[in-house]
Amino acid sequence: MFFDRHEGGETAILVHPELSDDREREDPQEFMELASSAGIESLAFITVNTRNPTPRYFVGPGKVEEIRQAVLQHEAEVVLFNHALSPSQARNLEKELECKVVDRTGLILDIFAQRARTFEGKLQVELAQLEYVSTRLIRGWTHLERQKGGIGLRGPGETQLETDRRLLRARIKSITKRLEKVRKQRDQGRRSRKRAEVPQVALVGYTNAGKSTLFNSMTASDVYAEDQLFATLDPTLRRLELDDLGPIILADTVGFIRHLPHKLVEAFRATLEETRQADLLLHVIDSHDPERLDNIKQVNDVLKEINADEVPSLHIYNKIDLLEGVEPKIQRDDEGKPERVWVSAKTGAGLELIEQAITELLGNDMVQGRLSLTPAQGKVRARFFQAGAIQAEEYSDKGELLLDIRMPRGDYERIAKQEGLSSGNLAEH
């Protein structure tokens, strides 16, 4: 890896800018959770009310002095800003505060670096880190000479800077090429699933909404699930058998967050592609969170950015065990289609309703009827049996094999075409 990853444990002063523009405003509670998820010990929390951020420090000189005093008083190692800072703002603040300054993007990148487990996930995080640090590379060399000029006049700092930039570009190019290979492998996997016509369902939602807990409960898996932000980075796929529908592929994906850094969205394109290519999205929502409506909007914004906003979705209102008087239920739209399902992934209450809703949404066009086969068509029977479509079977007086089947129409038509079945073989009811 290009970066050494610390294990957290740093002490920090948290600075939260209160901006007048709602679109730029961040959540202070979420900021504290981000710091905690990074393993950082918060020593002080400073709120800054500002209408227009200053170009030099983002905050006014009076607040810079207040932050500096807090750093000295608490002997903090780092100052965290709950907003994106320009490279020059971060550099100026570090000079004034005489300690490391990390903005919101850098904090999220650090959490991702600690959470990534798979080779692909680590590559994606490193790419995002490299893209982020490439604009801030000058910071590491401000103590070195900066003479201008050509050969023989170039200062050692500038030479080192150019060397580092060249190494960065080479590393970014190498990682991008390797991720492109991963992307192609994923595309091949998706194409094979499409050929087999196995529907794919992807879990999406705001970070810490309970996606991984729900995934584990539905698939009897042991994916890492904790009450912390970005517990899951690496996509996990599991095959799940649903009554009346057959097999589906369920995908657990990275959680979204407001103002998710664009470089992260770019770096995680291979992972987020699972979302864009899904047949149905399960949008998991923390029903107990007072900010749930805003969180839904933030998730929808990211889905739009990755061109997944047209994929059909089902809202899963999770954590009803934290609400009083709320029972598991399916809420439907005006046409009777499932729209929301209220469940508790932790207790397992209502999970069967999710499966019912998925079956209704993906299995609307079902074939149900009696199929007549000759004794010589045992191979055809085996294929329907493998597809989980046979509900009952018996022999007629003429020795024909009669199968009561129920399966998605697309699956039936594919087998019928490959095995040469005619419309006379099936009596639908």
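Biologist: The side chain of Gln-89 reaches the backbone nitrogen of Ser-86 at 3.0 Å. What makes this a polar contact?

Modeller: First, a caution: the model is predicted. The cut-off for a pair of N or O atoms is 3.5 Å, and the distance from the side chain of Gln-89 to the backbone nitrogen of Ser-86 is 3.0 Å, so the pair is within the cut-off.

Biologist: Which backbone oxygen lies 3.1 Å from a polar atom of the side chain of Gln-89?

Modeller: That of Thr-54. The value of 3.1 Å also falls within 3.5 Å.

Biologist: Why is Gln-89 called buried?

Modeller: Its relative accessibility is 9%. Buried means under 20%, so Gln-89 counts as buried.

Biologist: What does Gln-89 touch, leaving out residues up to four places away in sequence?

Modeller: Thr-54, Pro-55, Arg-56, Tyr-57 and Phe-58. Each has heavy atoms within 4.5 Å of Gln-89.

Biologist: Where is Gln-89 in the chain, and which residues of that element are buried?

Modeller: Gln-89 is in helix H3, residues 87-97. The buried residues of H3 are Gln-89, Ala-90, Asn-92, Leu-93 and Leu-97.

Biologist: How do you know where on H3 these buried residues lie?

Modeller: Look down the axis of H3: the buried residues fall within an arc of 165 degrees, so they line one face of the helix. An α-helix has 3.6 residues a turn, so residues three or four places apart point the same way.

Biologist: What do the buried residues of H3 pack against?

Modeller: Helix H2 (61-74), S3 and strand S4 (100-102). Just after H3, Glu-98 takes a positive phi of about 55 degrees.

Biologist: What is Leu-80 in contact with, beyond its neighbours within four places in sequence?

Modeller: Its contacts include Ala-12, Val-15, Phe-31, Val-102 and Leu-107. In soluble globular proteins, nonpolar side chains tend to be buried together.

Biologist: How many of the residues of the chain count as buried?

Modeller: Of the 429 residues, 48%. The chain has 13 helices and 15 strands.

How values were computed:
Residues numbered from 1 in each chain as written. Predicted model: local features only at pLDDT ≥ 70, side-chain atom pairs only at ≥ 80, totals over all residues. Heavy atoms only, no water. Helix = DSSP H or I, 4+ residues; strand = E, 2+ residues; numbered from the N terminus. Buried < 20%, exposed > 50% of the residue type's maximum accessible area, 1.4 Å probe, protein only. Polar contact = N/O pair within 3.5 Å; in protein donor to acceptor, adjacent residues only side chain to side chain. Arc of directions from axis to C-beta.
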